[in-house]
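Please view the sequence and the model together while reading.

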Amino acid sequence: MKTKIFVDGSEGTTGLRIHERFMKRQDIELLTISPELRKDEAERKRLINASDITFLCLPDAAAKESVAMVENEKVKIIDTSTAHRTDSEWAYGFPELSPEHRAKIQKGKRIAVPGCHATGFISLVYPLIAKGILPADYPVSGFSLTGYSGGGKKMIAEYEEENRPAEYDAPREYALNQQHKHLKEMKVITGLKREPLFSPIVADYYSGMLVSLPFYTDMLAAKQTPELIHEFFADYYKNKLFIKVMPFGGEAEKKGFLSGIDCSGWDGLKIYVTGNGERVVLSAQFDNLGKGASGAAIQCLNLMLGCQEEEGLNL
Ligand SMILES: NC(=O)C1=CN([C@@H]2O[C@H](COP(=O)(O)OP(=O)(O)OC[C@H]3O[C@@H](n4cnc5c(N)ncnc54)[C@H](OP(=O)(O)O)[C@@H]3O)[C@@H](O)[C@H]2O)C=CC1
Ligand SMILES: CC(=O)N[C@@H](CCC(=O)OP(=O)(O)O)C(=O)O
């Protein structure tokens, strides 16, 4: 029997990507909403309760409203918004972090898909804290480059507007008040004692991310070198389809540049370890719309359905 799926917010950036990926799948029956009714509460409620699994691709407030509409206790929810990511009743949709995360997604009825910046940050910090390499009270800081699709339909329209301001031609730092919406999940999911100092930067390309976090090696729990940290990550993410730890001293270092766009259109995440004996930089490179949003959401769905984890994804 086919799994009935409804995408609430199917005309948004993330919703469209999720919808597109289902077009080719034989195991799924898509429940669709008429465009003119897509914000109609009664129609959304009807479709949510008629589905086996509903994806929420909505702003936070609307995502909370949708969850409150669930009356059919069999309905499972995969929420791409920030609304439920630190709620312990929800599974955090990042299966590579630990066997416990994977199991909670497989058995779960409520799954929160990680935020895009948070995906890169947590892929780097969670393993280091879990294995005692990074003290939980380390003052973690970092920055993150993102394509403008990370800002959804509104930001896409602003960047693609013919008479846009000249400042859009250059990368722009934001979240200057240090209150970015992903800080909470970065702290709660990794176990850090405080929220990191985190500076996102949006630039003039459609999609792709590069999250980079610097560390002093002598402030880590045991004597570390970039080579040892590289070995650690390669082992931690060994045999993971969606996470590749790139060779130490490989192509990127030979070129001398890491780009924010390299993983655009790909659903996995690459990790780089660079630096020297005193200072090491860990970087996660991926697509904000792939492993940072719709790719991660579909990966969670596949785990819940018990099918191939990579079904319908670009790897
Ligand atoms: N873009 C990205 O890289 C990522 C986005 N996310 C998250 O995914 C969610 C969706 O984001 P994104 O796709 O970028 O946003 P968009 O703004 O592109 O899309 C949101 C969609 O939700 C619709 N919508 C708004 N309110 C309601 C409502 N009350 N009922 C039904 N539909 C509604 C909007 O309608 P309308 O078309 O009229 O505007 C729009 O189509 C957000 O929570 C976002 O933070 C997560 C990870 C990455
Ligand atoms: C460029 C840009 O504005 N990007 C968004 C991130 C999009 C995202 O990941 O949003 P969720 O938290 O809902 O997952 C931002 O930094 O707020």
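The text below goes from the overall fold to the domains, the core and the ligands.

The model is predicted: local features need pLDDT of at least 70, side-chain atom pairs count only at pLDDT 80 or more, and totals for chains, interfaces and linings use all residues. Residues are numbered from 1 along each chain as its sequence is written, while chains are lettered from A and ligands numbered from 1 in the order in which they are written.

**Overall fold**

Ten helices and 13 strands make up the secondary structure of the chain; helices (H or I, at least four residues) and strands (E, at least two) are DSSP runs, numbered from the N terminus. The chain is as compact as a globular protein of 315 residues, because its radius of gyration of 20 Å is close to the 20 Å of the globule rule. That radius is taken over C-alpha atoms, and the rule is 2.2 Å times the number of residues to the power 0.38. Along the principal axes, the C-alpha atoms fill a box of roughly 60 × 50 × 35 Å.

Of the 315 residues, 44% are buried; a buried residue has 20 or more other C-beta atoms within 10 Å of its own, with C-beta atoms placed from the backbone. Among contacts with a separation of 6 or more, 70% join residues 24 or more positions apart, a contact being two C-beta atoms, placed from the backbone, within 7 Å.

**Domains and core**

The assignment gives domain 1 (3-114 + 292-305) and domain 2 (116-288), with bounds that come from an automatic or database domain assignment. Their centres, taken over C-alpha atoms, are separated by 25 Å. In the contact between them, 16 residues of domain 1 meet 24 residues of domain 2. On the domain 1 side, α10 gives the most, with five residues.

The largest nonpolar core has 73 residues, and Ile78, Val125, Ala297 and Cys300 have the most contacts inside it. Such a core is a set of buried Ala, Val, Leu, Ile, Met, Phe, Trp, Tyr and Cys residues joined through C-beta atoms within 7 Å. Beyond four places in sequence, Ile78 touches Ile53, Phe55, Ile111, Val113, Ala297, Cys300 and Leu301. Gly93, in the loop between β5 (91-92) and α4 (99-107), is buried, with 26 other C-beta atoms within 10 Å. Its contacts outside four places in sequence include Ile111, Val113 and Cys300.

**Ligand shells**

A residue counts as near a ligand if its C-beta atom, placed from the backbone, lies within 6 Å of it. In the table, Ala, Val, Leu, Ile, Met, Phe, Trp, Tyr, Cys and Pro count as nonpolar, Asp, Glu, Lys and Arg as charged, and the others, Gly among them, as polar.

| Shell | Nonpolar | Polar | Charged |
|---|---|---|---|
| Ligand 2 | four residues | seven residues | one residue |

Ligand 1 has 26 residues around it, of which Gly12, Thr14, Ser81, Gly152 and Ala293 come nearest. Both domains give residues to this shell, so ligand 1 lies between them. The largest share, three residues, comes from α1. Seven of the ten residues of α1 are buried, among them Thr14, Arg17 and Arg21. Their cover includes β1 (3-8), β3 (53-56), α6 and α10.

The residues surrounding ligand 2 include Ser81, Thr82, Gly115, Cys116, Lys181 and His182.

Key. A residue is buried if 20 or more other C-beta atoms lie within 10 Å of its own, exposed if 12 or fewer, and partly exposed in between; C-beta atoms are placed from the backbone.
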